[in-house]
Amino acid sequence: MDKILYGGDYNPEQWLHMPEILEKDIEYFKKAHINTVTVGVFSWGALEPEEGRYEFGWLEDRIDTLYENGISVILATPSGARPKWLADAYPEVLRVREDRTKMLFGQRHNHCYTSPVYREKVRAIDTELAKRFGNHPGVLLWHISNEFGGECHCPYCQAAFREWLKKKYGTIDALNEQWSTTFWSHQYQSFDQVESPSSIGERSVHGLVLDWKRFVTDQTVDFMNWEIGALRAAGSDKPVTTNMMYEYTPLNYAKFADSLDVISWDSYPAWHKRETAVTAEDTAMQHDLFRSMKRGQPFLLMESSPSATNWQPVSKLRRPGMVKQAALQAIAHGADASLYFQMRQSRGSFEKFHGAVIDQYGGCDTRVFREVEETGAVLEAISEVKGSITKAQAAIFYDTENIWAMEEAKGPRNEGLFRKEAQRKLYHGLRRMGLDVDMVCMDADLTGYRIVAAPMAYMFREGFAEKIETFVREGGIFLLTYWSGVVNENDLCYLGGRPYGLMDVMGLRSTEIDGLYDWEENHACPTAENSLGLKHTYTCRHLCELVQLRQTDGAPTEVLMTYGDDFYAGTPVVTRHPYGRGTAYAILADIEPAFYDEFFEILMERPETAVSCLVKGPLPEGLEVCRREHADTEYLFLQNFGKETCSFDLKEADEEEQVWQVLYEENPDSYRKPGTQTIRVGETVVLKRHLPIK
């Protein structure tokens, strides 16, 4: 792709009876700097109105016309919503709910990914699409289905699940052992007895619940690969992607990455519901999560809204400037596309009031259109950043299977684990120091990271502890929080102490964990002359872990902070343990965010941390800094999501480094030299410089 993709979802089939609108669309797209549209996402009924009768002429005409006008196409396979004739002719394609009720036709993704008939019909239309458009010069890539989700409990899925279990465990005795089914006398005598979890059946065997979630992910990926296979068999080698969703934990998205050429996701923040800086940071963390699936490679922002949505509890308008700021935030965090849903607002049905580039009025003189046009011009101006990558020095573990296990665990807190908040406090602390941060799963390669944090890593999958031990021994900085290293991948508790496999690395052993009521609190108090120089006392809530320090062959564990209250007052709450050439820190309670600000400010100044930042931290609240690089050029994005104008300091350049040039700025200067700079509320600055030849 030779450009930053800009445009979004387009549904010309809704306007075939009004060709003047289709003609006007092309005019407006060009005016708004639109260079790419996504077509065919929910077009199955228009492409195959009757079984086996394909009508692709309208689609070919649109793709040809768009291409002739300099607009490329992302072509979707239409499997996200099947036509009525298919459900009527083949009822087996409809899903069965977990309570074993068969669903009726309707909605989206109300189909069984295991159904042989459904797979046959999907493969047939995908094959025909690939034959017709698979090598069209106007088609950039394939968009596989749309926002995969949901599960089916039909007989086909039950049988496939049992086969999946046989492959994993081999024998029913091995399954019973890993699921601990002797508890409550829930042993299985054969795989044929196993059924998927249900609210009217078995949900108390946590290994079953976990494996079912894994199966659902694997079956969804298998269906996606079935579609990709159909396109490839028909002769198309265009790249493939599928659009993922915000914090969507029903599926383990990490399992999709290997099958996709590029990662994409749909971002719909509730802007203006909270402070802009809070929403921006939450969105940034999601951008970084999806970027990390291909280790710093560019991703695509496949959907966003140019105005209000229609499905959030309150459909809030984007305030002036927010469309551009949100688009540039995606690019800053590694996106090579900023695309909208939708290009033209529909007249009826579910999304008729969802924001669009062209609304039902149909003109180009609206506020929204002007902002979309302005944003498109900016993306054209910075198009050279396309293809540049992000090299993060810090990583935080975000592991979907770990989340599944924690939420089912029946542990110290079953209402409010504050798992995401724990991740966000670490993320905020690292980002505030000017660091790019990857969000990675437990399978990730840690090579190249200087700091790795594992918040609430309740599940240690096989090999995880050994990976962390190697990382620390070889010089890494590792942070582990409370409620970590408790169970294996099947939610079977480890014996012999926790955090499993890391007691020597951390220099401690967990003994108990206290769940606090919502109105309770404890305190983390700095010890006298602690080596980090921590000075302040902080509030602890929700979970407080108790530990016993462990004697190791290396340096002793240093207690940096102790609890201030309750029967465990005076015992460790923050510790530091040198191990090999690295250092392991334990944060044993849910400590307030201000602690992480002080902790990372000090940590970044220590020589063993050895991280490099282009902007001097700590950053003002609401200021985001991101770095992307080509082989010979680096780009620095600075965005002010805060409430007031703020200042930042560029680091002094080495002798061989070039002076920063302004690539984009609302109020352009000739150069940005080291020293204090200012950036106004809502402003974005993009700087560039050539890297020294190594």
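Me: Which handedness does the crossing of H1 past H3 have?

Reply: H1 passes H3 in a right-handed crossing; a crossing counts as right-handed if the near helix is turned clockwise from the far one by less than a right angle, and left-handed if anticlockwise. This is a predicted model, in which local features need pLDDT of at least 70, side-chain atom pairs count only at pLDDT 80 or more, and totals for chains, interfaces and linings use all residues. Residues are numbered from 1 along each chain as its sequence is written, and side-chain values use heavy atoms, without hydrogens and water.

Me: Why is H1 called roughly parallel to H3?

Reply: The two helices pack at an angle of about 30°, with their axes 11 Å apart. Angles under 35 degrees count as roughly parallel, over 145 as roughly antiparallel, 65 to 115 as roughly perpendicular and the rest as oblique, so H1 is roughly parallel to H3.

Me: Which residues of H1 and H3 meet?

Reply: Leu22, Ile26 and Phe29 in H1 meet Arg62, Thr65 and Leu66 in H3, where contact means heavy atoms within 4.5 Å.

Me: How do you know that the span of helix H11 agrees with its number of residues?

Reply: The expected span is 1.5 Å times one less than the number of residues. For the 15 residues of H11 (residues 367-381) this gives 21 Å, and the end C-alpha atoms are 21 Å apart, so the two agree.

Me: What covers the buried residues of H11?

Reply: The cover includes strand E1 (5-9), helix H1 (19-31), helix H10 (322-332), strand E9 (335-340) and strand E24 (660-665). Among the buried residues of H11 are Val368, Phe369 and Leu379.

Me: What makes histidine 109 count as buried?

Reply: Buried means under 20% relative accessible area, exposed over 50%, and partly exposed in between (1.4 Å probe, protein chains only). Histidine 109 has 7% relative accessibility, so it counts as buried. Its phi is near 50°, a positive value in a residue other than glycine.

Me: Why is methionine 456 called buried?

Reply: Its relative accessible area is 0%, so methionine 456 is buried. Methionine 456 also has a positive phi of about 50° although it is not a glycine.

Notes: Helix = DSSP H or I, 4+ residues; strand = E, 2+ residues; numbered from the N terminus. Axes fitted to C-alpha atoms, helices over the stretch in contact; angles between N-to-C directions.
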